[in-house]
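This briefing sets out selected features of one protein model. Please read it alongside the sequence and the coordinates.

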Amino acid sequence: MSSGAGPSRPKYALQSQQHMHRASEFTNTEDVTIKPMRYRQHEVPVPWDDRYAPFLKKATLLQTARMGWLDYDSRLISALQEHWRPETHTFHLPIGEMTITLDDVSCVLGMRTDGEAMCLNNKDVDWKGKVGQLLGKEILELEFKGKGRSKILLKRTWLKNNFSDLEIDAPDEKVEQYCRAYMLALCGDVLFTEASGDCVSALPLLLLEDMSVLDRWAWGSRVLAYLYRALCKGTHKKRKNMGGCIMLLQLWVWEHITVG
């Protein structure tokens, strides 16, 4: 005989998280005002130099780097965020379900979506030594956050103050060091943004150690996975900030959804 209890409900069964979803505020309260989500938006603090182009091209990040400043539409992105379902990783819209795909990442940002996974192990890394080795600048203090101090952060102001003056006749080694700083800032301010703060993660340095093999990594796949994670976190009704590659999200909306 059946015990009557039935099978347990999966944690992420469709709409099982509705009570915590941002969109639930519209149905639970008659008179409600929901402010748009806030997004971290900074210009890359390290100035562009044409000598960086070969490295960015090899990593398939050149198209993104050359897009420049994009003014994010917080109301548009917030409205779309309210239709995101963490259970299916899709937007539930009146016209049906839609989502951002690897093909979109490749077409919109020009990034490679195949290659080796960007799995980083920062255990037992001497970060002050690593920064000094790969960037050529001594850093006196790093910020550590997260569980087990898993987030290693560099101040954007430190990057700006130390990597804004690349000489015309700089040797190749120094050009590579400054390019690493630029790519680090691009990762922190465009591709893998945190929900808030004025720092960038030092973790991508582990990918930039050998600048001759930048094309081995699946940059686009990592960017999309990170954005999915940020969208899932952003659906929580108490969440006020959102990270991830907002540039990709907004360009995708413009490309696929008619607004107005």
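**Overall architecture**

The protein is a predicted model in which, among contacts between residues at least 6 apart in sequence, 75% join residues at least 24 apart. Its secondary structure consists of 10 helices and eight strands.

**Burial and surface**

- Of the 260 residues in the protein, 44% are buried.

**Cysteines**

- Across the whole structure, a search returns zero disulfides.
- Cys 187 has a relative accessibility of 2% and so counts as buried, the cut-off being under 20%.
- Cys 199 is likewise buried, because its relative accessible area is 9%.

**Helix H9**

- Helix H9 covers residues 219–234, which is 16 residues.
- The buried residues of H9 include Trp 219, Tyr 226 and Tyr 228, together with Val 223, Leu 224, Leu 227 and Leu 231.
- Gly 220, Ala 230 and Gly 234 are also among the buried residues of H9.

- Thr 60, which is not a glycine, has a positive phi of about 60 degrees.
- Thr 60 sits in the loop between helix H2 (53–58) and helix H3 (62–65), and its relative accessible area of 22% makes it partly exposed.
- His 89, also not a glycine, has a positive phi of about 55 degrees.
- The loop between strand E2 (84–85) and strand E3 (90–93) contains His 89, which is partly exposed at 33% relative accessibility.

Conventions
Residues numbered from 1 in each chain as written. Predicted model: local features only at pLDDT ≥ 70, side-chain atom pairs only at ≥ 80, totals over all residues. Heavy atoms only, no water. Helix = DSSP H or I, 4+ residues; strand = E, 2+ residues; numbered from the N terminus. Buried < 20%, exposed > 50% of the residue type's maximum accessible area, 1.4 Å probe, protein only. Contact = heavy atoms within 4.5 Å. Disulfide = S-S within 2.5 Å. Expected span 1.5 Å × (residues − 1).
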